[in-house]
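Colleague: I have a chain open here and would like to go through it with you. Can we start with how far to trust it?

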Amino acid sequence: SIMNKAADLAGDLAGGGGGTQREEMEDEDYGAYLRVIEELDLSNNLIERLPAKLGHMSTLTLLKLQNNRIEKIPTSIQKLESLVDLNLSRNMIIEIPSGFGMP
């Protein structure tokens with residue numbers, strides 16, 4: 001179901017295992033599941049990095065990522081044209097894509 005896939009994605013993002021699981025996540029195709037999620041709250045999960053596939057979540061309007069350990073924002077986040085609310089507070093951001101947040 002869509003909810004199970006969303007839960008799997010959240011678990012993968014939170015690093016539910018070692019580095020191998022993270023690499024496998026990049027290869028797994030969540031396809032249609034990424035295109036129907038409108039709101040995603042992954043705050044307080046100790047997430048260290050965001051996958052490039054985040055940019056495929058075309059219907060995402062709300063993304064809560066506060067209080068994690070994210071250092072870099074992937075350039076693919078700029079593809080989230082429906083996104084109106086993004087919370088990246090309380091992270092360790094050292095790198096953002098050029099032009100990020102500009103209309």
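Colleague: What does the chain average in pLDDT?

Modeller: The average pLDDT of the chain is 80, and 68% of the residues score at least 70.

Colleague: Over which residues does pLDDT stay under 50?

Modeller: That stretch is residues 16–27. The model has 15 contacts beyond four places in sequence for residues 16–27.

Colleague: And how should I read a stretch like that?

Modeller: Where pLDDT is low, the predicted coordinates should not be read in detail.

Colleague: Fine. Which elements of secondary structure does the chain have?

Modeller: The chain has two helices and three strands. Read from the N terminus, the order is α-α-β-β-β.

Colleague: How are the three strands arranged in the sheet?

Modeller: They form an open sheet in the order 1-2-3, with parallel pairing. Strand 1 and strand 3 (85–87) each have a single partner strand, so they stand at the edges and one side of each has no neighbour in the sheet. On average, neighbouring strands of this sheet are turned by 5° against each other, direction ignored.

Colleague: How many bridges join strand 1 to strand 2?

Modeller: Three bridges join strand 1 to strand 2, and the two run parallel.

Colleague: Let's move to the loop between strand 1 and strand 2. Is Leu42 in there buried or exposed?

Modeller: Leu42, which has its place in that loop, is buried, because its relative accessible area is 3% and the cut-off for buried is under 20%.

Colleague: How far apart are Leu42 and Leu65?

Modeller: Along the chain, Leu42 and Leu65 are 23 residues apart, while their C-alpha atoms are separated by 5.2 Å.

Colleague: What about Ser43, buried or exposed?

Modeller: Ser43 is also found in the loop between strand 1 (39–41) and strand 2 (62–64). Its relative accessible area is 13%, so Ser43 is buried.

Colleague: Which residues does Ser43 touch, not counting those up to four places away in sequence?

Modeller: Ser43 touches Lys64, Leu65, Gln66 and Asn68 on that count. There is also a polar contact of 2.6 Å between the side chains of Ser43 and Asp41.

Colleague: And Asn44, is that buried or exposed?

Modeller: Asn44 sits in the loop between strand 1 and strand 2 too, but it counts as exposed because its relative accessibility is 51%, and exposed means over 50%.

Colleague: What is phi of Asn44?

Modeller: Phi of Asn44 is near 60°, which is a positive value in a residue other than glycine. Arg90 also has a positive phi without being glycine, near 55°.

Colleague: Where does Arg90 lie?

Modeller: Arg90 lies in the segment after strand 3. With a relative accessibility of 57%, Arg90 counts as exposed.

Colleague: Back to the loop. Why does Arg49 count as partly exposed?

Modeller: Arg49 is found in the loop between strand 1 and strand 2. Its relative accessible area is 34%, so Arg49 is partly exposed; buried would need under 20% and exposed over 50%.

Colleague: How far apart in space are Arg49 and Arg69?

Modeller: They are 7.5 Å apart, C-alpha to C-alpha, and 20 residues apart in sequence.

Colleague: Now the other loop. Where is Ser76, and is it buried or exposed?

Modeller: Ser76 is found in the loop between strand 2 and strand 3. Ser76 is buried, with a relative accessible area of 9%.

Colleague: Which residues is Ser76 in contact with, leaving aside neighbours within four places in sequence?

Modeller: Ser76 is in contact with Pro51, Ala52, Leu54 and Gly55.

Colleague: To finish, the chain as a whole. What share of the residues is buried?

Modeller: Buried residues make up 34% of the 103 residues in the chain. The accessible surface comes to about 6300 Å², and 48% of that belongs to carbon and sulfur atoms.

Colleague: And of the contacts between residues at least 6 apart in sequence, what share joins residues at least 24 apart?

Modeller: For the chain, that share is 31%.

How values were computed. Residues are numbered from 1 along each chain as its sequence is written. Side-chain values use heavy atoms; hydrogens and water are left out. Helices (H or I, at least four residues) and strands (E, at least two) are DSSP runs, numbered from the N terminus. Buried means under 20% relative accessible area, exposed over 50%, partly exposed in between (1.4 Å probe, protein chains only). A polar contact is a pair of N or O atoms within 3.5 Å; within protein, one must be able to donate a hydrogen and the other to accept it, and residues adjacent in sequence count only if both atoms are side-chain atoms. Contact means heavy atoms within 4.5 Å. Two strands pair if DSSP finds at least two bridges between them. Axes are lines fitted to C-alpha atoms, for helices over the stretch in contact, and angles run from 0 to 180 degrees between N-to-C directions. Accessible areas come from the Shrake-Rupley method with a 1.4 Å probe; for residues, only the protein chains shown count as cover. pLDDT is the predictor's confidence in each residue, from 0 to 100.
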